[in-house]
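Work through the exercises below with the sequence and the coordinates at hand, and try each task before reading its solution.

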Amino acid sequence: MRDRPEIVCLCGSTRFVDDMRALSFGLALTGVIVLTPAETDEELTADQKTTLGALHLRKIDLADRVLVVNPGGYIGKSTRREIDYARTAGKPVSFTDP
């Protein structure tokens, strides 16, 4: 028996933000703590992207597992890096669209 709720980190392209929001809400309703990529409508600088990318890797560190949001099977460069990082850290990785 767990002494805390499961923690899931969502990964995927920010182009799928609506899918991530819906999935996050659905998981939260089942008692899961959901960690998601930071999102904004603003244009990010290269430094901001680097900072947020590093922060997302720390979210993966905190998670029990990673769920990749990949409609149509799409996986971009940043998401591929996150998947590789999670697997190297021994985190289970699954996909919304195998």
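**Exercise 1.** Which residue of strand 3 does V8 stand opposite?

*Solution.* The model is predicted, and local features need pLDDT of at least 70, side-chain atom pairs count only at pLDDT 80 or more, while totals for chains, interfaces and linings use all residues. Residues are numbered from 1 along each chain as its sequence is written, and side-chain values use heavy atoms, with hydrogens and water left out. V8 stands opposite R65. Strands here are DSSP runs of E with at least two residues, helices are runs of H or I with at least four, and both are numbered from the N terminus. Strand 1 and strand 3 pair in the parallel sense over four bridges, where pairing requires that DSSP finds at least two bridges between the strands.

**Exercise 2.** Determine how strand 3 is linked to strand 4.

*Solution.* Strand 3 and strand 4 (residues 93-95) run parallel and are joined by three bridges, with V66 opposite V93. Together with helix 3, these two strands make a right-handed β-α-β unit; right-handed means that, with the strands pointing away from the viewer, the path from the first strand over the helix to the second runs clockwise.

**Exercise 3.** Classify the aromatic pair and locate its two rings.

*Solution.* The structure holds one aromatic pair. The ring centres of F16 and Y74 are 6.1 Å apart and the planes stand at 70°, so the pair is edge-to-face; rings of Phe, Tyr and Trp (its six-membered ring) pair if their centres lie within 6.5 Å, and planes under 30 degrees apart count as stacked, over 60 as edge-to-face and the rest as tilted. Because F16 lies in the loop between strand 1 (7-11) and helix 1 (17-29) and Y74 in the loop between strand 3 (65-68) and helix 3 (77-88), the pair ties together parts that are 58 residues apart in sequence. F16, at 11% relative accessibility, counts as buried, whereas Y74, at 34%, counts as partly exposed (buried is under 20% relative accessible area, exposed over 50%, partly exposed in between, with a 1.4 Å probe and protein chains only).

**Exercise 4.** Describe the setting of A86.

*Solution.* A86 is found in helix 3 and, at 0% relative accessibility, counts as buried. Leaving aside neighbours within four places in sequence, A86 is in contact (heavy atoms within 4.5 Å) with I60, V66, K91 and V93.
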